[in-house]
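The following paragraphs walk through one part of a structure. Please keep the sequence and the 3D view open while reading.

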Amino acid sequence: MRLISRFHRHLAACGSLLVTAALTSGCSTTTDVPPEPPQVLKASFQPIERDPDFIPVLRYGRYTLVELAPASAQRDLMRQVVQVSIPETRKATVGEALRQVLSRSGYKLCSNDDVITLSALPLPASHHRLGPVMLRDALLTLSGSAWNLSVDDGARTVCFTRFAAPDFNPVFPQHQAGSHAAGHVERRPLTKEARS
């Protein structure tokens, strides 16, 4: 019985402490603030602007960092490095060298009259070994200065057209004699034939 009365006194003391704590805290009442409704996020599909100075890298091994970006030759196929090596014993043509240069480049040679004419020309001895050089430079070197290079990246074709012949040829000046028609150009031979 004593145990029960002691428990009741202890319970009464705890209850009075709770009442005292409630009274000392003031007469303020708290109201629960209703939660704000969740905001609806609008989806925006704006392209992400990349920092031109940012280059993502990946650690490859202990001391090697590899850039996670395509090489310039992979973005612009005319920048890929090519090499030509044609045996000098054969009678090679410019067309054969062009086809060898383009064989693994992803481009093909178009077929028009100018390309057929260029392809039939003999390959100069200085062009039997060419490179390593960029593809565009190799094509321009093989064709020479009399030909215009045009590249269609969409169809991946390479074409050549001949530059228009100039009206005036500075190597062979016009004859000043009045007996010739206006605009007539006299061509002098570069070498004299040896007569026996």
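S105 counts as buried because its relative accessibility is 5%; buried means under 20% relative accessible area and exposed over 50%, with a 1.4 Å probe and protein chains only. The model is a predicted one, in which local features need pLDDT of at least 70 and side-chain atom pairs count only at pLDDT 80 or more, while totals for chains, interfaces and linings use all residues. Residues are numbered from 1 along each chain as its sequence is written, and side-chain values use heavy atoms, with hydrogens and water left out.

S105 sits in the loop between α3 and β4; helices (H or I, at least four residues) and strands (E, at least two) are DSSP runs, numbered from the N terminus. A polar atom of the S105 side chain lies 3.1 Å from the backbone oxygen of L102, and the S105 side chain also reaches the backbone nitrogen of Y107 at 3.2 Å. Leaving aside residues up to four places away in sequence, S105 touches L77, Q80 and L135, where contact means heavy atoms within 4.5 Å.

In α4, the buried residues are V115, L118 and S119. Their arc is only 100 degrees, so they lie on the same side of α4. The face turned away from that buried side carries the exposed residues D113, I116 and A120.

Terms used. The arc is that of the directions from the helix axis to the C-beta atoms. A polar contact is a pair of N or O atoms within 3.5 Å; within protein, one must be able to donate a hydrogen and the other to accept it, and residues adjacent in sequence count only if both atoms are side-chain atoms.
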